Amino acid sequence: MALLEVKNLKVKVEDTLILKGVDLTIERGEVHAIMGPNGSGKSTLAMVLMGHPEYEVLEGDVLFEGESVLDLPPDERAKRGIFLAFQYPYEIEGVRVSQMMWKASRSLGWDMGPMEFRRLLRRYYEVLGIGDFIDREINVGFSGGEKKRSEVAQLLTLKPKLAVLDEIDSGLDIDAVRVVGAALTKAKEENPEMSMLLITHYQRILNYVKPDRVHVMVDGRIVLSGGFELSLRLEEEGYEGITKGLGV
Ligand SMILES: Nc1ncnc2c1ncn2[C@@H]1O[C@H](COP(=O)(O)OP(=O)(O)O)[C@@H](O)[C@H]1O
Ligand SMILES: [Mg+2]
């Protein structure tokens, strides 16, 4: 049984059809990348996988470990092992990173004590070079890059079964891409069974976490899939070059 199976997914946002029939199957331990131009529906797919209420599913299904999750709220999906790193992480005033993460660990049923959990959390935030940030309000006053680092530190801590990373590399300078790339490599080494869905514009991050499959999304559909080499071709030829003659 596949870890994730997306079947003919059609999704509407505010009266506009955005996803027009997406099919995607991710096996346990596989890394998939979705690339595509702005506005093609990549973030919409990520939000629907996590259960954002603004996105209305008109048709199709999302199966996680063989069961439909479309009727489950986001926290229930998180408990089952789905994690989303947002393209634009939310700022939450009045709540510290450590408080939110402690709650998350409790709801996952971890029996670690508060001090032990704090040490673990701090260790992973240190991997991303932002150890002190665990006592700050969530994303408040963080730079774009620091928000992304924080999302990855949360992934390392929570060890999901499926990590959906929406443009984790956008807004990062070259050094930060290296840090984030190395952290994702570490996450995969510590947890080889984890599957990843990397949504990205740029091939660069895929040199760190090499995808088993690469998909190109255009106008709400996956129009082309291939191996790692497809990401290299995209970098060379661009979306227009690569989709020429596909009728999209
Ligand atoms: N919350 C929303 N409200 C209105 N329109 C939205 C919303 N989210 C996405 N869209 C629209 O859906 C389309 C796809 O957006 P998105 O999924 O963010 O694309 P991508 O991540 O590939 O750039 C765009 O035209 C965008 O304007
Ligand atoms: Mg997006």
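Biologist: Does Glu193 count as buried or exposed, and how many C-beta neighbours inside 10 Å does Glu193 have?

Modeller: Please keep in mind that this is a predicted model, in which local features need pLDDT of at least 70, side-chain atom pairs count only at pLDDT 80 or more, and totals for chains, interfaces and linings use all residues. Residues are numbered from 1 along each chain as its sequence is written, while chains are lettered from A and ligands numbered from 1 in the order in which they are written.

Glu193 counts as exposed, because Glu193 has 10 C-beta neighbours inside 10 Å (exposed is 12 or fewer, buried is 20 or more, and partly exposed is in between, with C-beta atoms placed from the backbone). Glu193 sits in the loop between helix H6 (174-190) and strand E10 (195-199); helices (H or I, at least four residues) and strands (E, at least two) are DSSP runs, numbered from the N terminus. If neighbours within four places in sequence are left aside, Glu193 is in contact with Arg28 and Gly29, contact being C-beta atoms, placed from the backbone, within 7 Å. Val209 lies 16 residues from Glu193 in sequence, and their C-alpha atoms are 14 Å apart in space.

Turning to the sheet, strand E1 (residues 4-13) pairs in the antiparallel sense with strand E2 (residues 16-26) over eight bridges, where pairing takes at least two bridges found by DSSP. Within this pair, Lys10 has Lys20 in E2 as its bridge partner, and in the hairpin, with two residues between the strands, Glu14 takes a positive phi near 45°. E1 also pairs in the antiparallel sense with strand E4 (residues 55-64), again over eight bridges, and there Val11 has Val57 in E4 as its bridge partner. E4 is joined in turn to E5 by two bridges, the two strands running antiparallel, and Phe64 stands opposite Glu67 in E5. Together these strands form an open sheet of four with the order E2-E1-E4-E5. E2 and strand E5 (67-68) stand at its edges, and each has a single partner strand, so one side of each is left without a neighbour in the sheet.

Helix H1 (residues 42-50) gives the most to the shell around ligand 1, with three residues, and H1 also lies across E1, E2 and E4. The residues around ligand 1 include Val13, Glu14, Ser43 and Glu54 (a residue is near the ligand if its C-beta atom, placed from the backbone, lies within 6 Å of it).

Terms used
Two residues are in contact if their C-beta atoms, placed from the backbone, lie within 7 Å. Axes are lines fitted to C-alpha atoms, for helices over the stretch in contact, and angles run from 0 to 180 degrees between N-to-C directions.
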